[in-house]
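Reader: I'm new to this one and would like a close look at a single part. Could you start with one residue and then take me further in?

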Amino acid sequence: MRLSKTIRQQYTQHEMRSYGRKNGFVTAGQEARLRRWLPIVGLPRERKLSEAGLDIQAPWVMEIGFGNGDFLVHLAKSHPDWRLIGVEVYLPGVAKAVARLEDAGVIERVRISQLPAQFVLAEQVEPGQLAGIYINHPDPWPKKRHHKRRLIQKDFAALMVSRLREGGFIKLASDKPDLAEWMRDILDATPGLVNMAGADGFVPREPERPWTKFELRGLREGRPSQFLHYIKRAA
Ligand SMILES: C[S@@+](CC[C@H](N)C(=O)[O-])C[C@H]1O[C@@H](n2cnc3c(N)ncnc32)[C@H](O)[C@@H]1O
């Protein structure tokens with residue numbers, strides 16, 4: 001990895017604790033794009049989202065764990081009025097997403113962070129700032145002793161709610177029934193959130209959604225995804 005020390009210190013995580021893979025193979029071409037774009041669209045760790053150089057009044061929507069960036073590109077293309085903050089701890093994923101966003105001609109409406117979503121939400125996003133949060137197929141951590149590594153936890157749910165404006169949404173997807181129910185049970189019990197679904201708590205798939213890598217994998221293996229949709233109610 002030939003990213004300069006300054007870029008690594010400001011834009012990549014090397015010492016923060018988070019579960020799952022962070023580093024991996026980045027091609028020379030991807031690295032060149034990271035060197036070009038991170039100083040423009042990366043959110044440096046000491047800066048707030050409101051200082052990211054984009055319209056602060058626009059609706060800001062976050063995608064957590066964007067993987068290779070396909071869904072983030074879809075959001076940027078289908079919502080030109082939104083400003084997006086994509087958060088992904090896996091550097092090769094960040095590199096792929098930067099390339100896809102550039103190729104789609106939408107990268108300048110997006111800000112990118114490789115820091116853990118817990119840090120970005122707590123330190124860089126202000127209360128009530130977000131219009132929405134998407135989380136697609138978070139890591140399942142199936143073993144019981146690893147459940148504490150799952151992204152959706154009671155405190156994290158409360159943190160997300162605090163960063164949403166009134167009427168803001170949280171939308172989640174998972175192809176793992178056990179994880180989908182875990183997320184539903186935590187979010188249903190989180191003060192301030194209303195589940196927009198019927199009896200079982202899950203909403204139908206939105207037809208305009210693009211198919212992400214993990215949704216397709218689940219389908220191939222006989223696990224159609226389940227979807228959750230919450231709104232932050234007025235206080
Ligand atoms: C199973 S993948 C899903 C990728 C993509 N959303 C999809 O549906 O294809 C989960 C992603 O979440 C990322 N992730 C895990 N913990 C995270 C955290 N604390 N902050 C940001 N991203 C995280 C992982 O690196 C991984 O790329």
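Where does His-137 lie?

Author: Quick background before the tour. Residues are numbered from 1 along each chain, in the order its sequence is written. This is a predicted model, where local features need pLDDT of at least 70 and side-chain atom pairs count only at pLDDT 80 or more, while totals for chains, interfaces and linings use all residues.

Now to your residue: His-137 sits in the loop between strand E4 (130-136) and helix H6 (154-163). Those labels come from DSSP runs numbered from the N terminus, with helices being H or I runs of at least four residues and strands being E runs of at least two. The phi of His-137 is near 55 degrees, a positive value in a residue other than glycine. His-137 counts as buried because 21 other C-beta atoms lie within 10 Å; the cut-offs are 20 or more for buried, 12 or fewer for exposed and partly exposed in between, with C-beta atoms placed from the backbone.

Trp-141 lies in the loop between E4 and H6 too. Trp-141 isn't a glycine, yet its phi is positive, about 40 degrees. With 18 other C-beta atoms within 10 Å, Trp-141 is partly exposed.

Of its 58 residues, Leu-72, Ala-76, Val-98, Leu-101, Val-110 and Ile-133 touch the most other members. H4 gives the largest share of this core, seven residues. Leaving out residues up to four places away in sequence, Val-110 touches Val-41, Leu-72, Ala-76, Leu-84, Gly-86 and Leu-101; touching here means C-beta atoms, placed from the backbone, within 7 Å.

So what about helix H4 itself? The 13 residues of H4 (residues 91-103) should span 18 Å at 1.5 Å a residue, and the end C-alpha atoms are 18 Å apart, which agrees. That expected span is 1.5 Å times one less than the number of residues. Among the buried residues of H4 are Leu-91, Val-94, Lys-96 and Leu-101. The buried residues of H4 pack against helix H2 (28-41), helix H3 (70-78), strand E2 (83-87) and strand E3 (110-113). Just after H4 comes Gly-105, with a positive phi of about 75 degrees.

H2, for its part, has buried residues including Trp-37 and Val-41, and the buried residues of H2 pack against helix H1 (5-11), H4 and E3.

Definitions and conventions:
Two residues are in contact if their C-beta atoms, placed from the backbone, lie within 7 Å. A nonpolar core is a set of buried Ala, Val, Leu, Ile, Met, Phe, Trp, Tyr and Cys residues joined through C-beta atoms within 7 Å.
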